[in-house]
Amino acid sequence: MMRRKLGYGIGDMGISISYFALGFFYIFFLTDLVGLRPILAGTAFFIGKLWDGVNDPLMGWLCDRTRSRFGQKRVYILFGAIPFGLAFLLLWFVPANASEALQFLYAVVTLFLFSTAYTVVVVPYMAMVPVMSDDYDERTHITGIRSILGVVGTIFGGGAA
């Protein structure tokens, strides 16, 4: 069972790395490296976060109503992992020679894609603990391991940025 708990917890490392690299560095990347005006970089980020506020509850609703041979939550993690990684990668390939309007549009679209892919993976992932165990103490242990490994991911994400 410890292997399963560690496997679950390691998943939070990747989630935390992407989340905190984006949070620590993306606006700086858009303004100082891409050259987007701060108001546009902030607006693009805001639009992505606004969409995140809409899609999280929708994903929770969808996840609770899913019936799949892969499991109610696992299906989204399995099939969302590659789009999640690709969407994260696309964030950092803003066309350098494009107009500022096109760069802004690219940032908005990729943040929208990343937010969607992030939600497809993270909402079911975070909701898996009650499915993994009915025992309160065991769920606490699972969450503790996930939290510790999430902090390691946060350190890597912030350090990478």
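Predicted model: local features only at pLDDT ≥ 70, side-chain atom pairs only at ≥ 80, totals over all residues.
Local features require pLDDT of at least 70, side-chain atom pairs count only at pLDDT 80 or more, and totals for chains, interfaces and linings use all residues. Residues are numbered from 1 along each chain as its sequence is written, and side-chain values use heavy atoms, with hydrogens and water left out.

Helix H1 spans residues 2-34 and helix H4 spans residues 100-126. Helices here are DSSP runs (H or I, at least four residues), numbered from the N terminus. H1 and H4 pack at an angle of about 165°, and their axes are 12 Å apart. That angle makes H1 roughly antiparallel to H4 (over 145 degrees counts as roughly antiparallel). Axes are lines fitted to C-alpha atoms over the stretch in contact, and angles run from 0 to 180 degrees between N-to-C directions. The crossing is left-handed (the near helix is turned anticlockwise from the far one by less than a right angle).

Contact means heavy atoms within 4.5 Å. On the H1 side, the contact with H4 includes Tyr8, Gly9, Asp12, Ile15, Leu22 and Val34. On the H4 side, Gln103, Leu111, Phe114, Tyr118 and Tyr125 are among the residues involved. The contact residues divide into 14 nonpolar, 5 polar and 1 charged. In this classification Tyr counts as nonpolar, Gly as polar and Asp as charged.

Tyr125 lies in helix H4. Leaving aside neighbours within four places in sequence, Tyr125 is in contact with Tyr8, Gly9, Gly11, Asp12, Ile15, Ile77 and Arg146. A polar atom of the Tyr125 side chain lies 3.1 Å from the backbone nitrogen of Asp12. Ile77 is 48 residues from Tyr125 in sequence, yet the C-alpha atoms of the two are 6.7 Å apart.

Thr119 also lies in helix H4. Beyond neighbours within four places in sequence, Thr119 is in contact with Asp52, Asn55, Asp56, Met59 and Pro124.

Ser133 sits in the loop between helix H5 (129-132) and helix H6 (136-160). The Ser133 side chain reaches the backbone nitrogen of Asp135 at 3.0 Å. Not counting residues up to four places away in sequence, Ser133 touches Glu138, Arg139 and Ile142.

Notes: Helix = DSSP H or I, 4+ residues; strand = E, 2+ residues; numbered from the N terminus. Parallel < 35°, antiparallel > 145°, perpendicular 65-115°, else oblique. Polar contact = N/O pair within 3.5 Å; in protein donor to acceptor, adjacent residues only side chain to side chain.
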